[in-house]
Amino acid sequence: EGPAYTPDDEAAVYRRFPSWSPQRHMQLDAPQRRAVRDLLGLATAVGGITVLPKLWCHCDRYWGFLRDCRFPMVPKMKLPFGCPQDALYDPTRWAGKKLRWREHTFLANPNV
């Protein structure tokens, strides 16, 4: 349920990069991208479907001005935040590559 990095890793990155820097997000996104890559590879190899881990964003995704990695209208939004797959990846591209996946909440659905 938690991120793919330790609290010490996060603290080191937070000391190295200021709050407004997208480099914070990039450094802490790298371990979760490696985990997702490995999960997709494993599921593809065995003909399965990847259930993604909960994904974390340290910077919001917005095609305009951000202030401290947040939308200007929510300056106090807590970072990091749990974010959907399409905040980090392009689902259209995944579909084109025939990748099979479900969001991290899939197994909590009572209909499963």
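Visitor: Which residue does arginine 37 form a salt bridge with, and how far apart are the closest N and O atoms?
Guide: Arginine 37 pairs with aspartate 38, and the closest N and O atoms are 3.0 Å apart. A salt bridge here is a side-chain nitrogen of Lys or Arg within 4 Å of a carboxyl oxygen of Asp or Glu. Keep in mind that this is a predicted model, where local features need pLDDT of at least 70, side-chain atom pairs count only at pLDDT 80 or more, and totals for chains, interfaces and linings use all residues. Residues are numbered from 1 along each chain as its sequence is written, and side-chain values use heavy atoms, with hydrogens and water left out.

Visitor: Is arginine 37 buried or exposed, and why?
Guide: Arginine 37 counts as exposed because its relative accessibility is 51%. The cut-offs are under 20% relative accessible area for buried, over 50% for exposed, and partly exposed in between (1.4 Å probe, protein chains only). Aspartate 38 has 46%, so that one is partly exposed.

Visitor: Why are arginine 33 and aspartate 29 separated by about one helical turn?
Guide: Because they sit four residues apart in helix H2, residues 22-46. Helices (H or I, at least four residues) and strands (E, at least two) are DSSP runs, numbered from the N terminus. Arginine 33 is partly exposed at 34%, while aspartate 29 is buried at 2%.

Visitor: Switching topic: how many disulfides are there?
Guide: Two disulfides, each being a pair of cysteine sulfur atoms within 2.5 Å. Cysteine 57 joins cysteine 83, with the sulfur atoms 2.2 Å apart. That pair links distant parts of the chain, from strand S2 (residues 55-57) to strand S3 (residues 81-83), 26 residues apart.

Visitor: And what's the handedness of that link?
Guide: Right-handed, with 85° about the S-S bond. Both cysteine 57 and cysteine 83 are buried.

Visitor: What about cysteine 59 and cysteine 69?
Guide: Their sulfur atoms are 2.3 Å apart, and the link is left-handed at -80°. Cysteine 59 and cysteine 69 both lie in the loop between S2 and S3, 10 residues apart. In sequence order, the bonded cysteines pair 1-4, 2-3.

Visitor: Where is phenylalanine 106?
Guide: In the segment after strand S4 (101-102). Phenylalanine 106 counts as partly exposed because its relative accessibility is 31%.
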